[in-house]
Amino acid sequence: MRRLRNLKIVATLGPSSNDYEMIRDLFEAGADVFRLNMSHGTHEEIAARHAIIRQIEQDTGRPIAILADLQGPKLRVGTFANGAAELEEGQAFRLDLDEAPGDGHRVQLPHKEIFAALEPGATLLVNDGKIRLEVRNCGPDFAECEVAVGGTISNRKGVNVPDVVLPVAALSDKDRRDLDFVLDLGIDWLALSFVQRPEDVTEARSLVGDRAALLSKIEKPAAVHCFDEILAVSDGIMVARGDLGVEIPVQNVPPIQKRLVRACRAAAKPVIVATQMLESMIESPMPTRAEVSDVANAIYEGADAVMLSAESAAGQYPIEAVSTMDNVAIEVENDPVYREIIEASRQARRTTVADGVVSAAREIAETTDIKAICCFTESGTTALKTARERPRVPIIALTPTAATARRLCLSWGINCYFNDKVERFKMAVVSAARATREGGYGDGEDQIIVVAGLPFNMPGSTNILRVAPCEERLIFNVEPE
């Protein structure tokens, strides 16, 4: 089941993808990571999907990553006496803590923390930015606003506050319950919503420990402003363009996306580009040309993964959506221009022995007839550094640690295989040669590069590179112990 592309595909599960047959079909169509959206579904439903994924993993013999996406705090207005009200541009509108049903002049905003952070001149966005309110006067329990963009405002519509850092914890009470549940269940990646500052990530880290890798969703302007600090304490990043595009001008999103993707690659940390990638495929078997271009652009930028949300969770054509992403990725990666862009954007990061070893592996592989770079990795660092190089040949990651193999499923170009612990380098080379042949990457007449660390099974010790044959007889004849 070798993928014919380096990009990884994340598929969200939901009502349209809720049984073994459909999830297996999605995996075979190209899904590498399955997302469990904690905003939808009961714990029982989430547990059932998790069990199906692990069963498919066992049946196929290939590691599959599971990403649990926490909902995050939800800021919403209260209710209206008539269910909704019409706001006109230029009129006054008040937000306050009064629980009385709202009307065309006021409504409850049950979030003291918002009022505590507001200042005159701040902007409030309601219903994904369709309504825009400008704060004229405010206090600890109210905000007098002027309607800048009017429209229909209805019960419990979401509120965004783009201009200020809100004194709101990234983990709500619901998130903490969900976090405990999915960690006990056993997941590989945990996505954090509503990240505004690096402290939001470190707080989650203190709760998660090493039971899952942390992926920070960049969906707030405040997170963009301190992105380098957030990246430093995160294991991966999701560019969540939906909410981000509500809180900042939409024309700013593409350059921000490019900058974040490039920074993640430089740090050797995986990055997902997400939200509305094939939105029309929720109801149509064919995407729009603009959507295909959007997916292609993320691939040209060097993203590790692209994500399907409602397209695979609730859409009518989940398999077609995954297949479309798979086909676009294959076509883009076969374009000579893609290679030119990827190699032109490569940044030399050779500050450690490991950096030098993986860089040398890529250069040797691209200047000689090498079929694959095989990495023995305990923590995943060696494989991640190799993926940062974006080599032209496949990357095969061999690890005895199931958690590491699964987490690496999110990273560009890494083909993960479970492997028993090895104590001698010769047996490591043999294992690499077998994985290369069994995976269809090469045969007995081919050569591979083996990257590892001695002594074995010690994270962070990458210090050896060996060009080796795929033929085991030759390995035993020429390889040192």
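Modeller: Let's start with D128, in the loop between β7 (123–126) and β8 (131–139); bear in mind that this is a predicted model.

Colleague: What makes the phi of D128 worth a remark?

Modeller: Phi of D128 is near 55°, a positive value in a residue other than glycine. Most residues other than glycine have a negative phi. T275 gets a remark too, with phi near 90°, again positive in a residue that is not glycine. T275 sits in the loop between β15 (271–274) and α10 (289–301).

Colleague: Now the helices: why are α4 and α5 called oblique to each other?

Modeller: The axes of α4 (residues 173–185) and α5 (residues 198–208) make an angle of about 45° and lie 11 Å apart. Roughly parallel needs under 35 degrees and roughly perpendicular needs 65 to 115, so the pair counts as oblique. The crossing of α4 past α5 is right-handed.

Colleague: Which residues make the contact?

Modeller: R176, L179 and L183 come from α4, and E203, L207 and V208 from α5. By class, four of the contact residues are nonpolar, none polar and two charged.

Colleague: And what lines the second largest pocket?

Modeller: Its lining has 20 residues, with D235, S379, G380, T381 and L384 nearest the centre. Helices α15 (381–388) and α16 (402–407) are the elements that give two or more residues to that lining.

Colleague: How do the lining residues divide by class?

Modeller: Eight are nonpolar, seven polar and five charged. The space in this pocket is about 440 Å³.

Methods. Residues are numbered from 1 along each chain as its sequence is written. This is a predicted model: local features need pLDDT of at least 70, side-chain atom pairs count only at pLDDT 80 or more; totals for chains, interfaces and linings use all residues. Side-chain values use heavy atoms; hydrogens and water are left out. On a 1 Å grid over the protein atoms alone, a cavity is a set of points where a 1.4 Å probe fits but cannot get out, and a pocket is an open set with protein on both sides within 12 Å along at least five of seven lines; lining residues have an atom within 4 Å of a point. Grid points are joined across faces, edges and corners, and a volume is the space filled by probe spheres set on the points. Helices (H or I, at least four residues) and strands (E, at least two) are DSSP runs, numbered from the N terminus. Ala, Val, Leu, Ile, Met, Phe, Trp, Tyr, Cys and Pro count as nonpolar, Asp, Glu, Lys and Arg as charged, and the others, Gly among them, as polar. Axes are lines fitted to C-alpha atoms, for helices over the stretch in contact, and angles run from 0 to 180 degrees between N-to-C directions. Angles under 35 degrees count as roughly parallel, over 145 as roughly antiparallel, 65 to 115 as roughly perpendicular and the rest as oblique. A crossing is left-handed if the near helix is turned anticlockwise from the far one by less than a right angle, and right-handed if clockwise. Contact means heavy atoms within 4.5 Å.
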